[in-house]
Amino acid sequence: MPVDSAVQLVPALLDLPFREGYVRSIIVVSLYVSVLAVTLSTLVSVPVAVLLGFADFPGKRFVKSVINTGMGFPSVVVGLVVLFAVSNQGPLGSLNLIFTKEAMIMSQFVLATPPITAISLAAITGVDDGVRDAARVLGGTRLDVALVVLKEARYGIATAILAGFGRAISEVGSVLIVGGNITSADGISKTRTLTTAIQLEARQGQYQTAMVLGAVLVALVLTVNAVVVRFGDRGVQS
Amino acid sequence: MLRVANASRSYGDETVLRNLSIEVGSGEVVAVIGPSGVGKTTLLRLLALSLEPDEGTVALDGTDAWAVDAAERRALRRRVGMVFQEASLFDASVARNVEYGLRVRRSWRDRLHDEVAGLVRSNGVADAVHEALDVVGLTQKVVQQADSLSGGEAQRVSFARALAYEPDVLLLDEPTSDLDPRNTAVIEDAIGEARDRGIGVVAATHDMHQAERVADRVAVLLDDGITEIGPTERIFEDPSDERTRKFISGELVY
């Protein structure tokens with residue numbers, strides 16, 4: 001029975017083969033890096049999507065195809081490029097960012113920006129032209145019209161941010177390369193995320209730990225989805 | 001008075017309107033009748049100051065809209081309202097839709113203040129919004145979401161949205177072509193109410209009976225020009241132009 005097996009699992013969960021604070025520190029690092037990267041990415045992506053959705057300029061098609069290509073860009077290559085940039089000989093070498101959370105944020109920013117921009121752009125261009133015309137003839141300035149379109153596209157933009165967050169939090173390759181999967185001597189995570197920890201634990205044969213971390217990761221993603229959907233829900237509209 | 005004088009407009013090689021003149025004064029309803037695709041919408045966009053004529057002028061109370069800078073043109077444009085064939089309401093409450101025109105005319109500071117005040121005061125809907133909804137008989141729907149309205153109700157809200165900020169001129173592009181008779185009657189009454197308030201109305205329609213019911217003057221737009229313009233009764237009973245006569249009697253088929 002599900003209830004019985006859940007009860008049997010409780011002692012196993014209480015007797016986990018890792019020290020106190022380990023899992024919590026990994027969750028904190030994962031969230032810190034992903035949330036910050038996605039926030040920065042959103043601040044860049046949404047205005048870019050608005051610009052692409054409203055303005056006509058030479059090279060617009062090219063910019064769009066670069067963004068679409070970026071959606072499928074291999075994350076290990078991004079990690080490698082960021083590693084070169086922050087390494088001692090790289091252009092950002094003097095900042096000493098190698099194997100830090102900041103370097104991980106940089107690579108996740110690069111990975112999350114294309115999907116957030118592309119999906120936001122699709123949502124913005126999908127807004128009915130009639131709504132734009134209405135905002136304009138009712139006396140709206142260009143900024144007013146843009147705000148109306150953003151509001152109409154809000155569910156699509158929320159989806160875009162979720163997609164970006166999904167890509168960031170489940171990322172392994174690039175954060176492993178630029179972050180190094182490091183813990184301090186007391187076993188507390190410095191640059192170890194849920195994904196890199198799962199990879200390490202599984203390789204070391206610590207399947208139970210890996211499974212727990214995997215469950216935590218899935219729960220985190222589901223929670224963030226639920227929160228975003230709740231905020232985007234019609235129940236809280238004006 | 002909104003006046004288009006000797007205006008022409010082409011799209012590429014195709015001339016849609018040629019040397020066209022029309023005007024609407026305050027408290028007057030002008031119906032523009034003609035078959036589909038003849039340029040009624042282009043004419044309305046000229047009147048709405050959102051499309052520049054290739055030749056000729058569009059002037060509101062004597063100010064040529066295309067001889068002034070963009071800011072001044074926007075100020076002129078804000079005195080003109082427009083209702084489209086599709087309601088195109090915003091995904092928000094009826095109240096938010098109707099107050100939109102009023103809101104964008106306020107300073108950012110005032111708008112921010114309104115938003116914050118709106119969080120503590122509940123549904124303090126401005127009198128203008130209530131009045132505009134009253135004209136179309138939908139005051140009871142003020143707190144509903146726009147997407148919960150029927151098509152006819154949505155179009156009535158769209159009319160109220162254009163009426164709320166009291167434009168000098170109201171342009172209607174086939175406003176009732178998708179509506180049932182009851183909602184059509186409400187819109188036609190609202191056109192009368194707009195006239196009583198001193199608003200000049202230009203209604204493009206292919207429904208000649210509607211033109212006969214609501215208009216003081218009728219302009220007949222065929223192919224690329226106005227064949228005849230004059231008092232409604234005379235146009236329908238004694239048109240002087242042969243093509244107008246044929247169009248009205250149904251002999252001229254498009």
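Guide: At this interface, 23 residues of chain A are in contact with 23 residues of chain B, contact meaning heavy atoms within 4.5 Å. This is a predicted model, in which local features need pLDDT of at least 70, side-chain atom pairs count only at pLDDT 80 or more, and totals for chains, interfaces and linings use all residues. Residues are numbered from 1 along each chain as its sequence is written, chains are lettered from A and ligands numbered from 1 in the order in which they are written, and side-chain values use heavy atoms, with hydrogens and water left out.

The area buried between chain A and chain B is about 1,800 Å²; buried area is the accessible area (1.4 Å probe) that two parts lose on being put together, summed over both. Carbon and sulfur atoms give 54% of that area.

Between chain A and chain B the count is 2 salt bridges, a salt bridge being a side-chain nitrogen of Lys or Arg within 4 Å of a carboxyl oxygen of Asp or Glu. Asp144(A) forms a salt bridge with Arg111(B), their closest N and O atoms lying 2.6 Å apart. Helix 6, helix 7 and helix 8 (154–169) of chain A each supply at least two residues of the side that touches chain B; helices (H or I, at least four residues) and strands (E, at least two) are DSSP runs, numbered from the N terminus. Helix 7 of chain A gives the most to this side, with 7 residues. By class, the side of chain A that touches chain B has 10 nonpolar, 6 polar and 7 charged residues. Here Ala, Val, Leu, Ile, Met, Phe, Trp, Tyr, Cys and Pro count as nonpolar, Asp, Glu, Lys and Arg as charged, and the others, Gly among them, as polar.

A salt bridge also links Arg154(A) to Asp91(B), at 3.5 Å from N to O. Arg154(A) lies in helix 8 of chain A and Asp91(B) in the loop between strand 6 (80–83) and helix 3 (94–98) of chain B, so this pair joins two chains. Over all chains, the structure holds 21 salt bridges.
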